[in-house]
Amino acid sequence: MPRFSIVIAAYRVQGYLRACLDSALTQSFHDIEVVAVDDRSPDHCGAIIDEYAARDPRVVPVHLPVNSGPGRARNAGVERATGDYLLFLDGDDTLAPGTLQGLADRLTLNEDPDILYFDHVRTYWWDQAEPSLFGELLASAGTDVFSVRDRPEFLRLFAMSSNRVYHRGFYTRHAFAFSEGIYEDALLSYKTMLTARRIACVDLVGLEYRQRRTGASTGSPGEKHFVIFDQYARLFAFLDDQPHLDPKHTLRPLLFERAVSHFLFCLDRRTRVAAADRRRYFRRAAAWYRAHLPADFTPPADTKWRFNALACGSYVHYRVRALFARSGDAARKLRRIVRRPLAVRAKRALYKLHLRRPVDPNLAVYSAYWDRGVLCNPAAIYHKAKELAPHIRGVWVVRKSELASLPDGVEYVVPGTRKFYRAVARAKYLVNNANFPNDVVKRPGTVHLQTLHGTPLKCMGLDQQRHPAASGGMSFRNLLKRVDRWDYVLSANQHSSEVWERVYPGSYRILEYGYPRNDVFFSAPPDRVAEIRAGLGIPAGHTAILYTPTIRDYQKGFTPRLDVARLSRALGPQTVLLVRTHYSYGKRAGLERIQEAGPVIDVSAHPSVEELCLAADALITDYSSIMFDYALLDRPIVVYADDWETYQATRGVYFDLLSGRPGDTPGAVARTEDELIAVFRDGRWRDAEATALRTAFRERFCRFDDGHAAERVVRTLMLAPDTARPTRPSASAPRRDGRERDGREPVAL
């Protein structure tokens with residue numbers, strides 16, 4: 001029998017669940033079981049739980065047949081639990097290192113109390129931690145064991161499910177269970193505390209209580225929040241049925257104050273009670289107040305006016321006092337608006353005029369790489385929409401410096417112009433692989449698709465807060481405003497889905513369709529590949545190797561990571577080295593001279609990275625997301641990582657690319673220039689070990705691409721939903737036999 005049964009309820013937390021499970025399973029105290037309950041989550045929670053259960057026998061997977069809510073999920077976990085103590089976690093919570101050992105030591109010291117409370121810290125999505133308000137109260141208990149009749153002040157502890165452990169015998173003997181609906185943890189918290197005869201506390205900060213921006217069960221307004229009145233009514237009915245728990249009614253006034261404070265907390269938050277529902281919510285709260293008011297109750301001094309407003313049932317009185325309290329903030333906001341520059345105000349006024357016009361149901365606006373042209377996933381969707389939905393007019397946002405590179409017949413607008421604001425104001429569909437400007441408004445009835453532009457190895461979004469060199473002064477507040485416009489986000493694999501949910505918290509839907517830009521890998525005929533190679537200047541019969549170093553956040557400008565001229569000479573005369581620097585670097589100083597001196601071709605300005613991949617027999621890269629796309633071609637990938645430790649520290653990564661573990665590393669690895677040359681000279685770039693690593697890498701990261709991603713997007717967004725293909729295509733690749741698409745064997749080096 002384990003000492004702790006950790007019950008984890010998981011629903012729509014795929015971006016956080018691994019961290020939760022890891023925090024429990026990597027504790028220094030090992031005598032545990034983790035009962036992980038998949039509450040019929042529509043994302044990858046169930047698969048993640050099964051993955052952990054397959055490699056750690058302490059994980060007990062439970063899959064509910066229907067979504068039942070957090071209360072029933074926890075109840076299902078308790079039924080499977082066998083430990084001495086129950087610890088409940090939500091799938092987005094984590095335990096601090098050393099927590100279980102600290103709890104085990106205190107339980108032994110206190111001779112196994114009914115409940116042991118511990119402290120928590122709130123962790124916010126903007127990478128800030130805030131201590132709880134209860135540290136001093138917990139510390140005041142010392143090593144005492146007591147009941148709340150002896151120490152009623154402990155009823156003020158935060159009423160949640162995860163900041164305590166319950167003796168399982170005590171819990172099951174009294175048939176405790178979570179009720180349906182939200183706020184179920186408050187009801188159970190008070191019922192167990194009132195019943196327990198032996199309570200202990202420790203001021204150990206053990207729980208990291210995540211405050212998610214979106215996705216929490218209490219994070220969106222609606223009728224579900226009205227259940228709070230029923231939950232607290234059940235609490236007082238529980239006291240009525242068991243008068244021995246509070247024989248002198250000394251605890252009721254404090255419980256009443258906690259309940260009413262909870263009602264008022266929800267009333268003041270738009271994420272709980274919508275403006276249209278507040279008057280009705282207030283009436284329900286006032287009725288509950290009158291029905292359960294204890295004799296001789298005295299409202300707390302600091303919020304007395306709020307309690308008095310409920311007592312007299314006057315919503316008008318409550319609103320007047322609340323507005324008066326906020327008037328100072330409103331005045332400061334008005335002063336900021338008045339000072340806004342005239343030019344900005346004029347532009348916004350013009351834009352607002354366009355926003356009053358009807359949405360054009362047949363207009364789509366596209367942009368890629370911050371308006372650099374017809375590129376990437378938006379380009380593939382644009383071309384597929386012309387084929388499947390020709391009634392949709394596509395307009396591209398393109399900066400002036402890139403107009404000369406536009407294909408013939410492409411309709412465009414220049415960012416910041418009147419035509420631009422007219423287009424984005426009226427378009428039904430807005431498609432981008434980066435983001436539209438902050439002042440673009442998400443209109444009702446419009447569809448914003450964020451395609452993104454690669455599988456993340458490096459830290460993205462909110463995770464960049466921990467890496468200042470990578471954020472480049474980014475405003476994370478503005479980032480989240482842009483995220484709030486997204487309706488859909490594309491994903492190419494489960495890893496991406498988990499990361500996007502966490503680093504870009506929003507209410508969008510993830511489309512696990514693969515990347516439309518990769519569709520060409522499945523459809524390009526051999527003669528097209530030969531044409532691309534000839535256009536690049538690759539001689540017939542030569543091996544082409546594409547080298548794509550990514551940007552370094554800790555450096556300014558392009559600094560070559562290796563001597564490409566030396567590498568080219570070492571590869572031999574039958575090999576052509578294609579060098580593509582990151583698009584943000586601009587002109588590549590020095591590459592022109594190297595190109596003239598030997599078989600090195602600078603392809604940095606080539607408009608299509610997909611065509612470069614089709615032309616290449618192998619890829620050399622460092623940390624660029626191109627490796628995930630190139631893996632679809634099932635051709636050799638070599639990782640050249642001369643600054644891995646520095647890159648990890650300055651940018652942050654999601655997994656160890658150099659570990660050599662199947663699924664992490666896509667092929668041979670070199671840490672120095674000499675090692676890189678040796679990898680090719682010795683044939684390790686395409687030997688059996690490299691092939692096995694590449695196969696595992698493809699299985700992990702190439703699951704959803706099958707050549708029809710753009711079609712699925714167009715059918716889902718622009719055509720009838722029932723014409724869309726399945727949302728999770730099976731993994732496949734253009735070729736699995738190691739041969740090139742044009743039938744040639746790779747040239748031996």
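Which residue lies over the face of Y515? Select Y515 and look above its ring: R517 is there, at 5.3 Å from the ring centre. Keep in mind that this is a predicted model.

Go to F226. The charged end of R280 sits over the F226 ring, 4.3 Å from its centre. Ring pairs link F226 into a cluster with Y190, F229, Y232, F236, F256, F263, Y281, W288, Y289, F297 and F307.

**Ring pairs.** The count of aromatic pairs comes to 42. One of them is F134 with F158, a stacked pair at 6.5 Å centre to centre, with 5 degrees between the planes. F134 lies in the loop between β7 (128-131) and α5 (135-140), and F158 in the loop between α5 and β8 (164-167), so the pair ties together parts 24 residues apart in sequence. F134 counts as buried, at 17% relative accessibility. F158, at 22%, counts as partly exposed; the cut-off for buried is under 20%.

Next, select F170 and F176. This pair is tilted: 5.5 Å centre to centre, 55 degrees between the planes. F170 is buried at 2% relative accessibility. F176 is buried too, at 10%.

**Helix crossing.** Finish with α14 (residues 376-388) and α28 (residues 709-718). They pack at about 65 degrees, axes 9 Å apart. The crossing is right-handed. On the α14 side, pick A380, I381, K384, A385 and L388. On the α28 side, pick A710, E711, V713, V714, R715 and M718. Colour this contact by class: 8 residues are nonpolar, 3 are charged and none is polar.

Terms used. Residues are numbered from 1 along each chain as its sequence is written. This is a predicted model: local features need pLDDT of at least 70, side-chain atom pairs count only at pLDDT 80 or more; totals for chains, interfaces and linings use all residues. Side-chain values use heavy atoms; hydrogens and water are left out. Axes are lines fitted to C-alpha atoms, for helices over the stretch in contact, and angles run from 0 to 180 degrees between N-to-C directions. Helices (H or I, at least four residues) and strands (E, at least two) are DSSP runs, numbered from the N terminus. A crossing is left-handed if the near helix is turned anticlockwise from the far one by less than a right angle, and right-handed if clockwise. Contact means heavy atoms within 4.5 Å. Ala, Val, Leu, Ile, Met, Phe, Trp, Tyr, Cys and Pro count as nonpolar, Asp, Glu, Lys and Arg as charged, and the others, Gly among them, as polar. Rings of Phe, Tyr and Trp (its six-membered ring) pair if their centres lie within 6.5 Å; planes under 30 degrees apart count as stacked, over 60 as edge-to-face and the rest as tilted. Buried means under 20% relative accessible area, exposed over 50%, partly exposed in between (1.4 Å probe, protein chains only). A charge sits over a ring if NZ of Lys or CZ of Arg is within 6 Å of the ring centre and within 35 degrees of the ring normal.
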